[in-house]
Amino acid sequence: MSHSKSRPRRLRRSEKLRDLVAETSFSVERLIMPYFVEEGERVKAEIESMPGQYRFSIDMLLRELEELESFSVRHILLFGIPNKKDERASQAYDERGIVQRAVREIKKNFPNLTVITDVCLCEYMSHGHCGVTRGTEILNDETLPLLAQTAVSHAKAGADLVAPSDMMDGRVRAIRVALDESGFTQIPILSYAAKYASSFYSPFRDAAQSAPIFGDRKSYQMDIRNSDEALREVKLDLEEGADLIMVKPALPCLDVIRRVKDTFHVPVFAYQVSGEYAMLKAASEKGCINERDAVLEVMSSIFRSGAQAVITYYAKELASWLREDAGRFKLATKRVYPTSSSVSF
Ligand code: PBG
């Protein structure tokens, strides 16, 4: 018989023990659910590449949010799909724009929901790029005032946080100054600081009809081969006034999430993007993986890497699984942390 002092398997012997020593857990209050809102009435159109995800008109989105609230999901991220696109993205900062109207309605009906708005121009530009263009060039400084105006219009409509995702240099400062000058000193900026050029955004671009009609986004979004560069981006955004940092996409960037968290000690959010969702759905539908197990594994790994919160199209489904499986979930992730008196599963 060997008397080994160290036997890691001792702590894996039972589910109770595994749960007791699990290093990672997450709860519904750390999840953010993204939504696409468009013009019209009674619209709930499924996005082909993202089964279970829809484009909603405002009336239908309000109904959806009732269900979301019943699952105790408390935070949403909103994207607008306008009727008209042009070369100045004028619908992006129109006070009567789709996002602005949606935010007003949502805050009126669901005052307790955290509403985060995506601040970007690509859905509103006829060419689909995130900035003003000249020829095939994406102009940086010319884009900043439009982004700032967009953020202020969201804050005026009642957004709780604004999240710039355009990757123009200097946009956090431009937005911070504009918000402050308009009296919105209390509105935090969640900066997509490390946003990589990724093929995993494709389903989103189908949903939002925002694929660029020429070129790609590699002159402004980051190169996936770099992580020192992510730290530089984060440093700049924090200096410019970002309150929260986002890393995106999530699964290809777990190392980046960890490095950012360890370096800056600020809350890091991760975005599990449309293609990550589509991939999990497609593999599950084909019977290649067990959906719940796979999703929980991925979510656990994102939280383990250091994410404070995760934006995920699975938020509602996860919340429903957590509730259904209360008390008999087989993974450590069933644990509610931090313990919340208002949410009990
Ligand atoms: C807007 C924006 C995009 C996403 C979030 N904000 C698309 C892009 O950069 O092309 C992608 C989100 C997802 O894929 O779920 N710039």
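Predicted model: local features only at pLDDT ≥ 70, side-chain atom pairs only at ≥ 80, totals over all residues.
The chain contains 11 helices and 12 strands. Its radius of gyration is 21 Å, close to the 20 Å given by the globule rule for 345 residues, so the chain is as compact as a globular protein of that length. Along the principal axes, the C-alpha atoms fill a box of roughly 75 × 45 × 40 Å. Of the 345 residues, 57% count as buried. Among contacts with a separation of 6 or more, 73% are between residues 24 or more positions apart.

The accessible surface of the chain is about 15800 Å², and 48% of that belongs to carbon and sulfur atoms. As for charge, there are 48 positive and 49 negative side chains, with the centres of the two sets 8 Å apart.

The aromatic rings give a view of particular places in the fold. The structure holds 12 aromatic pairs. One of them joins Y35 and F56 edge-to-face, at 5.8 Å centre to centre and with 70° between the planes. Y35 belongs to strand 1 (residues 31-38) and F56 to strand 3 (residues 54-57), 21 residues apart, and the pair links these distant parts of the chain. Both residues, Y35 and F56, are buried.

F79 and F204 form another edge-to-face pair, 4.8 Å centre to centre with 75° between the planes. Because F79 lies in strand 4 (residues 75-81) and F204 in helix 6 (residues 202-208), this pair ties together parts that are 125 residues apart in sequence. Both F79 and F204 are buried. The two also belong to a cluster linked by ring pairs, together with F36, Y192, Y271, Y277, Y313, Y314 and W321.

Conventions. Residues numbered from 1 in each chain as written. Heavy atoms only, no water. Helix = DSSP H or I, 4+ residues; strand = E, 2+ residues; numbered from the N terminus. Rg over C-alpha atoms; globule rule 2.2 N^0.38 Å. Buried < 20%, exposed > 50% of the residue type's maximum accessible area, 1.4 Å probe, protein only. Contact = heavy atoms within 4.5 Å. Areas by Shrake-Rupley, 256 points an atom, 1.4 Å probe, with all protein chains shown as cover. Lys, Arg positive; Asp, Glu negative; His and termini not counted. Charge placed at Lys NZ, Arg CZ, Asp CG, Glu CD. Phe/Tyr/Trp six-rings, centres within 6.5 Å; stacked < 30°, edge-to-face > 60°.
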